[in-house]
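Thanks for coming. I will take a few minutes to go through one structure, beginning with a single chain and ending with where two chains touch.

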Amino acid sequence: MPQIQVDHLSKTFKVTEREGGVRAAMRSLIRRKYKSVAAVDRVSFSVEQGEIVGFLGPNGAGKTTTLKMLSGLLHPTSGEARVLGHIPWKREPQYLRRISMLMGQRSQMQWDLPVMDSFYVHGAIYDLPKDQYQSTLDELIELLDIKSILKKQVRTLSLGERMKCEIAVSLLHRPSVLFLDEPTIGVDITMQTRIRKFIGEYNRKHGATIILTSHYMADVTALCRRIIVIDHGHILFDGQLDDLSEKLAPFKVIKIDLDRDISNYDFASLGEVLLREGRKVEIRVPKGSAPAAAERILSDLPIQDLTIEDPPIEHVIAKAFGGGAAGVPGATESTSEPVVEEVAK
Amino acid sequence: MRHLFRAFGVILKTEINVMLQYRGEIVLWSVWGLVNPLVLYAIFKAGAQSNADGKMAGLTVPQIAAYYFMIMIVGHVVAAWDTHDMGFYIRTGRMSGMLLKPMLPLWKSLAGNLAYKICTLVFVGPMWILVVFLIHPQFDCKPWQVALGLVALVMAFALNYCLTYVIALVAFWTTKLDAVGELYFGLSMFIGGRFYPLDALPHWLRIFADCLPFQYMAYFPAELFTGHMTDPALIVRAFVTQAAWIVGALISFRIFWSAAVKHYSAVSG
């Protein structure tokens, strides 16, 4: 039986809308215009115990709204969900004791007090038995390496130190389900790696079910075998990470190092030229025609090195979201839109 | 229930620790609590002295001093400020963190309120003694009135706290409710007996005040402590009405809390 079961879950927000400027502001005093925004639109999925699922999508896609509904913060407009057998938005204390939601940009700590005080309050609120509280705390202190900062005032901590403490306080009651919303946001690469490693260890040790949103693909590739891609409130993809590029971007990238300068070869006849700098060439070709293209290159050109690679996951996601193709060599609106349409169908 | 008390005790201790980080602010708030009643006392005293019988609303100057002195103490004990805090918690997204905990946010707020009262007592206590020496209040109360006054004071705090919290829930719809808070505060000043004894109100305004709960948050306990309220029938009626308002506020809280959480949009995180 899945630990998280979501059926046709929707959330629509009613938001005010007006033009900029004083005149529009005066008009809105008398007559306000509202519009409905569907943040999440009939989303369905299920998650088994012990799974780590990456929830991916651009800003405003509906990731955090979904997590907020599953954690009981938001009531849905329609649809159903059960987490650990509970309806989340009933907010039963027995449910809230078994989950945790970590929001990377929000602090749960006592800002003015030493770190240890936040742990102590958390233990009291969750009614943790003394032995369990102490053993979990000792374990978290060791795994997250926070012993040296326990007496420091929270407001004086660096962002990385604070994030480690936020994670520790979120896990102190050993939640069975964890909702992690951007857990590595703003921290440096070393700290990101440490946090990822810790989340993976927690999952393995306690069999916790985890849904993770992140803008850092490294978080997703390091932790999640399964991902759910969401955009404009709709699920675009739900499956294994390995299958993502197959579904969203069925291309290969052929990287060539030429032996000498070639000026008059028609690389565009092989596929989309992503890069051409001196003797380096990168071409994106449909997956099915990659072997033939490689064979033609090897027979036509003096080659020093040739590799055929899957496009990086960041590029696949960026292409799927069309406008978010920044940083993707050669990605354009026209090439990416059909991919989204096709998958959405 | 035992868990709730234990958790509340820990939160209260933590809130006291937080409060002690801001000693300067505690002193300033303590001083501010004295200013309003003392200014009003000075005005009322001048009014009484300009009258031929030396009285105002039937009170002599020492009785007026006793009244405002008790208003000063009652005002400090019953103070609640959730109408200001709630909007801030919701606008900044802090409410989300509170709602994720298996304990109503109300308990944290109550602990913060009590922590403030406990911490400020160190400063306001000596100030109150100093005020007694400055204004020479005349208390006509008997021990039974003081005992009932203490009960009325605790109930006044419960009533004001519950009503303030219920009104603060408006923030779940509007996110900014400072104006609502000020309106509530203004009414509690004008028709709750904190500006002047209710006997000084015009008849029509007194009827209006009798229909609202504000006098049970200040005027009623103050009148018991000063010894001005002696009629047992009136006292019983006041206690029953005060209790009824508390029950009404608690029922309102249950209804509005469910609606507020359902409406919560978790802005800013």
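Along its sequence, chain B runs in the order α-α-β-β-α-α-α-α-α-α-α-α-α-α. That is 12 helices and 2 strands. Please keep in mind that this is a predicted model.

Now the overall dimensions. The C-alpha atoms of chain B fill a box of roughly 65 × 40 × 35 Å along the principal axes. Among contacts in chain B with a separation of 6 or more, 81% are between residues 24 or more positions apart.

Next, one helix pair in chain B. Helix H1(B), residues 2-20, packs with helix H6(B), residues 105-135, at an angle of about 50 degrees, and their axes are 8 Å apart. Because of that angle, H1(B) counts as oblique to H6(B). Their crossing is right-handed. On the H1(B) side, the contact includes Phe8(B), Ile11(B) and Leu12(B), and on the H6(B) side it includes Trp107(B), Ala111(B) and Leu114(B). By type, the residues of this contact are 13 nonpolar, 1 polar and 2 charged.

Last, the other chain. How many residues of chain A are in contact with chain B? There are 25, and they meet 23 residues of chain B. Helix H3, strand E5 and helix H4 of chain A each give two or more residues to that side. H4(A) gives the most, with 5 residues. The side of chain A that touches chain B has 13 nonpolar, 5 polar and 7 charged residues.

Methods: Residues are numbered from 1 along each chain as its sequence is written. Chains are lettered from A and ligands numbered from 1 in the order in which they are written. This is a predicted model: local features need pLDDT of at least 70, side-chain atom pairs count only at pLDDT 80 or more; totals for chains, interfaces and linings use all residues. Axes are lines fitted to C-alpha atoms, for helices over the stretch in contact, and angles run from 0 to 180 degrees between N-to-C directions. Helices (H or I, at least four residues) and strands (E, at least two) are DSSP runs, numbered from the N terminus. Angles under 35 degrees count as roughly parallel, over 145 as roughly antiparallel, 65 to 115 as roughly perpendicular and the rest as oblique. A crossing is left-handed if the near helix is turned anticlockwise from the far one by less than a right angle, and right-handed if clockwise. Two residues are in contact if their C-beta atoms, placed from the backbone, lie within 7 Å. Ala, Val, Leu, Ile, Met, Phe, Trp, Tyr, Cys and Pro count as nonpolar, Asp, Glu, Lys and Arg as charged, and the others, Gly among them, as polar.
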